[in-house]
Every structure is written in C-alpha cells, then in structure tokens.
Amino acid sequence: MSGYNFAYLDEQTKRMIRRALLKAVAIPGYQVPFASREMPMPYGWGTGGVQVTAACLVPEDTLKVIDQGADDTTNAVSIRAFFARVADIATTEHTRDASVIQTRHRIPEAPLREDQILVFQVPIPEPLRFLEPRETETRKMHALEEYGLMHVRLYEDIARHGEIAKSYAYPVRVEGRYVMDPSPIPKFDNPKLDDCPALQLFGAGREQRIYALPPYTRVESLDFEDYPFKASRPDHPCALCGARDSYLDEVVIDDAGGRMFVCSDTDYCNDRRAAGHRGEMAAPFEEMPE
Amino acid sequence: MDAAALSGGFANPAIDSARVFREVLQAMARPGRIARISGVGPPPGLSPAAAAVLLTLADDTTPVHLAGPCDTAIIRDYLRFHTGAPVAARGRAAFAIGPWEALVPIIDYPFGSDEYPDHAATLIVEMPALAATGARLTGPGIRDEAYLSLPEIAPFRENRRLFPRGLDFIFTSGDAIAALPRTTIVGAR
C-alpha cells in the first residue's frame with residue numbers, strides 16, 4: 001500500500017466526511033451536504049459510497065462489495081481491489097464474514113448484524129427531485145415537512161395503473177419525519193431497512209450528499225390505508241437454488257423467448273447450493289467455490 | 001509555547017484516527033453505549049478520550065470553544081498545534097469542550113436551522129465518570145432501552161424538542177466515550 005495514505009483519501013477530506021457522517025447519524029434521513037472529491041473512477045460508479053467507506057474503514061475490517069447483489073461484476077470487483085490495495089484490508093464475498101459491506105442497489109438476503117456497516121451507493125439522493133427540480137424548494141419542503149406532492153404522485157400512479165407503480169427507489173419515511181430515497185434498491189428490500197441491527201450509511205458522490213439510518217430506526221415505505229405497501233418479487237423459485245424467499249434477476253437465455261430467474265444475491269445462492277438445495281436448472285454436479 | 005503541547009498527538013494519525021472515528025461513529029449510532037478510545041497523550045485538564053475525539057474531528061474549518069477549566073494556555077497550544085482549529089466563542093463553535101457546569105446553558109451554541117439542521121455544534125462533555133445507569137434512553141439506535149449517567153435530564157429533553165434542530169453530545173471520561181444525538185428521548189429512570 002506504499003504511496004497511498006490509508007484508504008486513499010487525505011486526512012483533511014476524511015475529517016470533513018466523518019463530521020458529515022456524525023451529523024447524518026444524528027439526523028436520520030436528512031441529507032447532509034459534503035464536499036465530495038474526485039475519485040479515481042467515474043461518477044456513477046460508486047464514488048459516494050467509496051468515500052463513505054474510505055472514511056469508515058479500519059485496518060481490521062473485512063470488506064464485501066456487491067453490485068445488484070453480485071460479488072463478481074466489474075464495479076464490485078474493482079472497488080474491492082481498490083480498497084485491498086489502498087487500505088490493505090481483507091475482502092470477502094460472504095455476507096456473514098464482512099464487517100463493512102458496500103452495495104449498489106441491493107441489501108443482502110442474509111440478516112445483518114450489529115457489528116456490520118452497510119454503505120449504499122446513491123445516484124440521486126433527493127426523493128423529491130423529479131417532482132421539484134429546484135434544490136432551494138426541495139430543501140424548504142423538507143424543512144416544512146411538506147410531502148404532499150409525493151403523496152399526489154403515488155396517488156396518480158394508483159389512478160393510472162391501479163397500484164403504486166414504483167418498483168425501485170421506493171420512498172420511505174424515517175422516524176415519522178424525513179422522506180428519504182433508499183437508493184435504487186428494489187422495493188422488495190425496503191422492509192429490511194426498518195429496525196435493522198446494522199448501521200446504514202448512504203453516499204452520493206456526484207450530488208454531494210451523505211445520509212444515514214442508525215440501527216433500530218423506524219423506516220416506513222409510503223403508502224395509503226387502502227393501498228398498503230407490498231414488497232413484491234417475481235413469482236418463481238430461483239432456477240439454480242430453488243429459493244422462494246429471495247429477490248430474483250430475470251435472465252434471457254436464448255433468442256426464442258427462453259428465460260430463467262436466479263437469485264440476485266450471488267452469495268446467498270452459492271450458500272444454498274453448497275447446502276444441497278437445487279433449482280430446476282441447476283447443474284447435476286458442480287464444484288462450489290470456497 | 002510549552003514544549004509539552006507539541007507532543008501527545010497520534011503516533012500514526014491515519015490509522016489511529018480511523019480507529020477513534022469508528023468508535024465515535026458507533027457511539028453516536030448507538031446512544032448510551034460506552035466505548036474506549038486511546039492513542040493520544042493530552043496535557044493536564046483534558047481527558048485522553050476528549051483529546052482523541054478533537055484530534056480526529058477538528059481542523060482549521062471547525063471553531064472550538066474551550067469552556068471553563070479546559071481553557072488553559074497549554075490546552076489552547078495543544079489544540080492549535082495538533083488540529084489548527086481556531087478557538088472561538090460559544091455562538092460560533094462547531095465543537096465545545098468542558099465539564100457540564102462550564103458548558104451550560106446549551107442554548108448558547110449554534111443548533112442549526114430548519115433547512116440546515118446539520119449546522120449545529122457538537123458538545124464534548126468531560127465527565128467525572130461514565131456508567132450505564134441513570135437516565136433512560138430510547139429512540140433511533142437503541143433496540144429497547146439504554147441507560148447513561150447524564151449530568152442532567154431537562155436540557156436534553158429541551159434539546160429533543162427542537163428536532164430536527166439541536167445539539168449532539170459526546171461524553172468523555174478517561175478513555176471512555178458515549179454519545180447522545182438529538183434524536184434520543186431522555187426519561188427519568
């Protein structure tokens with residue numbers, strides 16, 4: 001790791017991010033502005049999450065990085081290799097072995113523990129942005145707790161489609177106060193945000209915002225009494241491990257309309273197959289990775 | 001300047017401050033939980049825990065208020081040399097440090113606005129001791145309930161009423177720290 005300060009960022013930057021993180025934890029769901037830095041990767045590749053992770057890491061950490069649930073995609077592999085190099089920390093693909101998990105657009109299926117920190121990469125942190133483009137106005141709306149526009153939007157969905165059509169980045173209310181964008185996780189994951197034993201941190205690099213959910217915080221998905229929130233998933237078992245409780249990716253497998261549904265959480269799927277679970281398209285024999 | 005003020009910083013600033021911050025972060029995320037931090041040798045009048053928090057979080061962008069017995073020449077020099085933080089009056093402070101009696105009344109410190117509630121001070125309260133007894137704490141970060149030996153109860157309740165504005169507190173004693181963010185509901189035991 002010679003040539004780099006621990007975890008890449010300089011100390012002045014880490015102090016600035018750390019102060020923002022403490023205020024974010026003290027005001028759950030409120031977006032704290034921070035002076036996001038250029039990182040050695042493009043915006044949209046997780047620069048916010050990377051800066052939050054860098055400010056939190058200690059040498060004893062074991063880091064897991066997932067992209068849409070997978071440990072083996074370019075984004076996840078690159079960020080893991082980045083921190084292995086600049087912070088000299090251990091990495092893992094197993095949720096249970098990780099002390100810090102950086103994630104793009106999923107929450108792992110395995111329940112998180114008190115000794116873990118989940119860091120979300122966030123593209124657009126402002127849940128009201130597509131309803132009101134002006135930052136001065138959305139800031140006022142949060143200050144005045146004026147969230148009527150969001151409910152109108154959800155109501156219009158029901159009027160038009162018969163249900164709330166938002167399937168990801170589904171807005172939540174934190175401790176009955178701030179409306180928050182949970183990042184583009186599928187709404188299937190929303191219930192995992194609530195009363196979670198792990199600390200959850202959110203970093204938006206391009207938009208320069210940090211926010212947080214302390215452990216055991218009340219997080220409710222917005223809904224109506226007669227149209228209650230429902231966490232949905234495709235109505236299939238995983239084709240590889242047979243799981244009926246996990247979030248699934250739909251994969252097109254030929255040019256004749258063939259498709260399969262597989263767990264988006266690769267570690268969860270591997271664990272289940274290693275334990276002998278078989279889906280209908282599982283290989284008759286496979287050697288499982290360690 | 002007393003030469004003693006020049007020593008007593010982190011031996012390995014990047015690593016030591018990372019470890020301290022992680023404990024402070026978890027303390028703020030889990031109000032009432034008591035952790036131990038170390039790595040610095042502060043001058044007399046400053047606990048190792050309070051000094052470690054300041055050296056981890058304060059710099060030339062964060063005015064620090066030194067209250068009562070913490071406002072000594074050697075502590076000023078120590079703070080200036082190791083952090084570069086300007087010493088400031090209560091009304092401009094990002095951090096304030098001192099024993100509770102010297103810090104109050106808490107209304108003197110910046111507690112943020114409705115639009116920017118994060119522009120609020122963090123008070124580092126030097127305590128004779130820290131124990132998981134006394135005031136009953138509930139709220140975000142606490143599964144059921146927690147207890148912490150707070151110096152008083154009423155000011156923390158007033159602070160909670162300002163939410164989302166308000167002050168956040170870090171309590172230090174020797175090498176022990178605990179925290180109380182503005183969200184915590186404080187009750188009598």
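A salt bridge here is a side-chain nitrogen of Lys or Arg within 4 Å of a carboxyl oxygen of Asp or Glu. The structure holds 35 of these salt bridges over all chains.

This is a predicted model, in which local features need pLDDT of at least 70, side-chain atom pairs count only at pLDDT 80 or more, and totals for chains, interfaces and linings use all residues. Residues are numbered from 1 along each chain as its sequence is written, chains are lettered from A and ligands numbered from 1 in the order in which they are written, and side-chain values use heavy atoms, with hydrogens and water left out.

**Exercise 1.** Find the salt-bridge partner of A:Asp115, then classify both residues by accessibility.

*Solution.* 
Step 1. The partner is A:Arg113, with N to O at 2.9 Å.
Step 2. Apply the cut-offs: buried is under 20% relative accessible area, exposed is over 50%, and partly exposed lies in between (1.4 Å probe, protein chains only).
Step 3. A:Asp115 has 48% relative accessibility and is partly exposed. A:Arg113, at 33%, is partly exposed.

**Exercise 2.** Which parts of chain A does the pair A:Arg209 and A:Glu135 tie together?

*Solution.* 
Step 1. Check the contact. A salt bridge links A:Arg209 and A:Glu135, and their closest N and O atoms are 3.1 Å apart.
Step 2. Place the residues. A:Arg209 belongs to strand S9 (residues 209-213) and A:Glu135 to helix H4 (residues 135-143), so the pair ties together parts 74 residues apart in sequence. Helices (H or I, at least four residues) and strands (E, at least two) are DSSP runs, numbered from the N terminus.
Step 3. A:Arg209 is buried at 14%, whereas A:Glu135 is partly exposed at 28%.

**Exercise 3.** Describe the salt bridge between A:Arg153 and A:Asp157, and where its residues lie.

*Solution.* 
Step 1. The side chains meet at 3.2 Å, N to O.
Step 2. Both residues sit in helix H5 (residues 148-161) of chain A, four residues apart, about one turn of the helix.
Step 3. A:Arg153 is partly exposed, at 27%. A:Asp157 is buried, at 7%.
Step 4. Turn to a network elsewhere. Salt bridges with shared partners join A:Arg106, A:Glu109, A:Asp189 and A:Lys192.

**Exercise 4.** Is A:Thr13 buried or exposed, and which side chain does its own side chain contact?

*Solution.* 
Step 1. A:Thr13 lies in helix H1 (residues 11-26) of chain A.
Step 2. Its relative accessible area is 0%, so A:Thr13 is buried.
Step 3. Its side chain makes a polar contact of 3.0 Å with that of A:Arg37. A polar contact is a pair of N or O atoms within 3.5 Å; within protein, one must be able to donate a hydrogen and the other to accept it, and residues adjacent in sequence count only if both atoms are side-chain atoms.
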